[in-house]
Amino acid sequence: MREKRGFRDTMAQLNDMFPDQGAVGRQEIAKFYGVHVTTVDRWVRAGKIKIQTPTGKLTKADFARQVCI
């Protein structure tokens, strides 16, 4: 399976922004996009971002896959 275009760049950005974290939550996603947390909540409810873990976090790699087209 091929990785999506921009995946490595997105991973590099996430690693620069959150170097000590393996997973990101709503607050980190909001910071990454430069939006308010309530906007991220709307995206999650609309299915634009899929957070399906009990912790409410995504691994950086899973998030990067969702971000890339």
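Buried means under 20% relative accessible area, exposed means over 50%, and partly exposed is what falls in between (1.4 Å probe, protein chains only).

These close-ups come from a predicted model, where local features need pLDDT of at least 70, side-chain atom pairs count only at pLDDT 80 or more, and totals for chains, interfaces and linings use all residues. Residues are numbered from 1 along each chain as its sequence is written, and side-chain values use heavy atoms, with hydrogens and water left out.

**View 1. Arg65 and Asp62 pair up within helix H4.** Here's a salt bridge (a side-chain nitrogen of Lys or Arg within 4 Å of a carboxyl oxygen of Asp or Glu). The closest N and O atoms of Arg65 and Asp62 sit 2.6 Å apart. Both residues belong to helix H4 (residues 60-67), 3 residues apart, or about one turn of the helix. Helices here are DSSP runs (H or I, at least four residues), numbered from the N terminus. Asp62 is partly exposed at 34% relative accessibility, and Arg65 is partly exposed too, at 39%.

**View 2. Asp41 and Arg26 join side chains in a salt bridge.** The N to O distance is 2.5 Å. This pair links distant parts of the chain, with Asp41 in helix H3 (residues 37-46) and Arg26 in helix H2 (residues 26-33), 15 residues apart. Arg26 is partly exposed, with a relative accessible area of 38%.

**View 3. Arg8 meets Glu3 in a salt bridge.** Their side chains come to 2.7 Å, N to O. Arg8 is exposed, at 62% relative accessible area, whereas Glu3 is partly exposed, at 43%. By the salt-bridge rule, the count for the model comes to 3.

Notes: Helix = DSSP H or I, 4+ residues; strand = E, 2+ residues; numbered from the N terminus.
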